[in-house]
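I would like to walk you through one chain, going from its surface to its overall shape and then to a single pair of side chains.

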Amino acid sequence: MHALSNLMSALVPSLGWALLDFVWQGMLVGWIAALLFALLRNARPQARYLVGCAALVLCAALPLAGMLQRLAAPGGQA
């Protein structure tokens, strides 16, 4: 029970900060994707699909990477 408590006390703040950071990170990914979509409006559909997939992968990976970075930092906070 003590190990679970220690895990949760490190995991919850790390997850919270990762999601809070994702507010601006997700907005940045969205703006860049929108700009690329506008630039690629006459491009092949495969190019636009690649931009969309890359944006979605980044939206999934950024919070996970932020959480893992905070968990790996000494003291559980970066």
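This is a predicted model: local features need pLDDT of at least 70, side-chain atom pairs count only at pLDDT 80 or more; totals for chains, interfaces and linings use all residues.

Turning to how the residues are covered, 19% of the 78 residues count as buried.

Let me now describe the fold, which consists of two helices and zero strands. Along the principal axes, the C-alpha atoms fill a box of roughly 60 × 20 × 15 Å, and the radius of gyration of the chain is 17 Å, whereas a compact globule of 78 residues would have one near 12 Å. If we take the contacts between residues at least 6 apart in sequence, 67% of them join residues at least 24 apart.

The UniProt record, in an unreviewed entry, places the feature "transmembrane region" at residues 22-40 and at residues 47-68. In the model, residues 22-40 are 95% helix and 0% strand, with their end C-alpha atoms 26 Å apart, while residues 47-68 are 100% helix and 0% strand, with their end C-alpha atoms 31 Å apart.

On the surface there is a nonpolar patch formed by W17, L20, V23, W24, M27, L28, W31, I32, L35, L36 and L39, and together these residues have about 1200 Å² of accessible area. One of them, W31, is found in helix α1, which covers residues 2-39. W31 counts as exposed because its relative accessible area is 58%, and the cut-off for that word is over 50%.

Which residue forms a salt bridge with R70? The partner is D21, and the closest N and O atoms of the two are 3.0 Å apart. The pair links distant parts of the chain, since R70 sits in helix α2, residues 45-72, and D21 sits in helix α1, 49 residues away. The structure holds one salt bridge.

Are the two partners buried or exposed? R70 has a relative accessible area of 12%, so it is classed as buried, a word used for values under 20%. D21, with a relative accessible area of 23%, is therefore classed as partly exposed.

Note on methods: Residues are numbered from 1 along each chain as its sequence is written. Side-chain values use heavy atoms; hydrogens and water are left out. Patches are made of residues with over 30% relative accessible area and no salt bridge: like charges are joined within 9 Å, nonpolar side chains (Val, Leu, Ile, Met, Phe, Trp, Tyr) within 5 Å. Accessible areas come from the Shrake-Rupley method with a 1.4 Å probe; for residues, only the protein chains shown count as cover. A salt bridge is a side-chain nitrogen of Lys or Arg within 4 Å of a carboxyl oxygen of Asp or Glu. Helices (H or I, at least four residues) and strands (E, at least two) are DSSP runs, numbered from the N terminus. Buried means under 20% relative accessible area, exposed over 50%, partly exposed in between (1.4 Å probe, protein chains only). UniProt positions are given in the numbering used here, feature names are shortened, and annotations may be inferred rather than shown by experiment. The radius of gyration is taken over C-alpha atoms; the globule rule is 2.2 Å times the number of residues to the power 0.38. Contact means heavy atoms within 4.5 Å.
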